[in-house]
Amino acid sequence: MITRTEFLAYINHVLEPERFNDYCPNGLQVEGREEITTLVTGVTASEALLEEAIELNADAILVHHGYFWRGEDARIIGMKQRRLRLLLENDINLIAYHLPLDAHPTLGNNAQLAELLGIEVDGRISGMGEPAIGLCGSLPEPLSLSAFSSHVRQKLKRDPLVIQGHDRPITTVGWCTGAAQGYLLYAAELGLDLYISGEISEPTVHMARELGINYMAAGHHATERYGVKAIGEMLAEQFDIVHHFIDIDNPV
């Protein structure tokens, strides 16, 4: 058992949310009970995730995508009302970390994706503000675009959307999970062979072809399952609490 205050202090120490100018509040978003013995983690605080957490008698839910995003309707109605009612009626804490969970050098989404795909990290992709979120690195051995796409498919259990920008073997890779297709330009400026993000936009296709860089959209949800799971496992070991990672199916 750990108190909510101690729990949050430790996570904030690890993830350092004060370093980031984020699109949502990081840390505690909805206050629940003070003592935490069971933690549920997941990518997004959807109604389906909340319902499964209630079934598991969770004291806290920790997610990458929480609530209260910049520019959203502030009214507590409809979907937002239903989600908040579930949390408040069951006295469950909702904790969310967005950019801090992307950027952490070992627990973060980008670091965890590199480990899963076997990419050796050797730098960061700058150009879209600091701290830099995107990473770059190299493969153990050169692979064709087709071979690396098959590797990603096998690891993520999802078909990536692939845009070919050249026909050279892939040695160097840049990546940033989620909706990070905007980093493509900076990856191309670094001369990387391939750039991976979660989502793709219509202009991204033309940019990849014209910049001569291979591009892969591997799924927003698919690329962001691993950071929140890793920090949940770390917290369970640190505080001797029960942890359940719940992967709500999402094809995006």
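The model is predicted. Its largest pocket holds about 510 Å³ of space, and the second largest pocket has a volume of about 160 Å³. Positive phi values occur at Asp91 and at Asp240.

**Largest pocket**

- The space in the largest pocket amounts to about 510 Å³.
- Its lining consists of 25 residues, of which Tyr23, His98, Leu99, Asp102 and Ala179 are the closest to the pocket centre.
- Strand E5 (60-65) and helix H4 (99-103) are the elements that give two or more residues to this lining.
- By residue class, the lining of the largest pocket splits into 11 nonpolar, 11 polar and 3 charged residues.

**Second largest pocket**

- For the second largest pocket, the volume is about 160 Å³.
- The residues lining the second largest pocket are Gly42, Val43, Thr44, Ser46, His65, His220, His221, Ile246, Ile248, Asp249, Asn250 and Val252.
- Two or more lining residues come from each of strand E4 (38-44) and helix H9 (220-223).
- Strand E4 provides the largest share of this lining, with 3 residues.
- The lining of the second largest pocket is made up of 4 nonpolar, 7 polar and 1 charged.

- Met207 counts as partly exposed because its relative accessibility is 31%, which lies between the limits of 20% for buried and 50% for exposed.

- Asp91 has a phi near 55 degrees, a positive value in a residue other than glycine.
- The position of Asp91 is in the loop between helix H3 (78-89) and strand E6 (93-96).
- With a relative accessibility of 35%, Asp91 counts as partly exposed.
- Asp240 likewise has a phi near 55 degrees, positive in a residue other than glycine.
- The loop that holds Asp240 runs between helix H10 (226-239) and strand E13 (242-245).
- Asp240 counts as exposed because its relative accessibility is 68%, and the cut-off for exposed is over 50%.

Definitions and conventions: Residues are numbered from 1 along each chain as its sequence is written. This is a predicted model: local features need pLDDT of at least 70, side-chain atom pairs count only at pLDDT 80 or more; totals for chains, interfaces and linings use all residues. Side-chain values use heavy atoms; hydrogens and water are left out. On a 1 Å grid over the protein atoms alone, a cavity is a set of points where a 1.4 Å probe fits but cannot get out, and a pocket is an open set with protein on both sides within 12 Å along at least five of seven lines; lining residues have an atom within 4 Å of a point. Grid points are joined across faces, edges and corners, and a volume is the space filled by probe spheres set on the points. Helices (H or I, at least four residues) and strands (E, at least two) are DSSP runs, numbered from the N terminus. Ala, Val, Leu, Ile, Met, Phe, Trp, Tyr, Cys and Pro count as nonpolar, Asp, Glu, Lys and Arg as charged, and the others, Gly among them, as polar. Buried means under 20% relative accessible area, exposed over 50%, partly exposed in between (1.4 Å probe, protein chains only).
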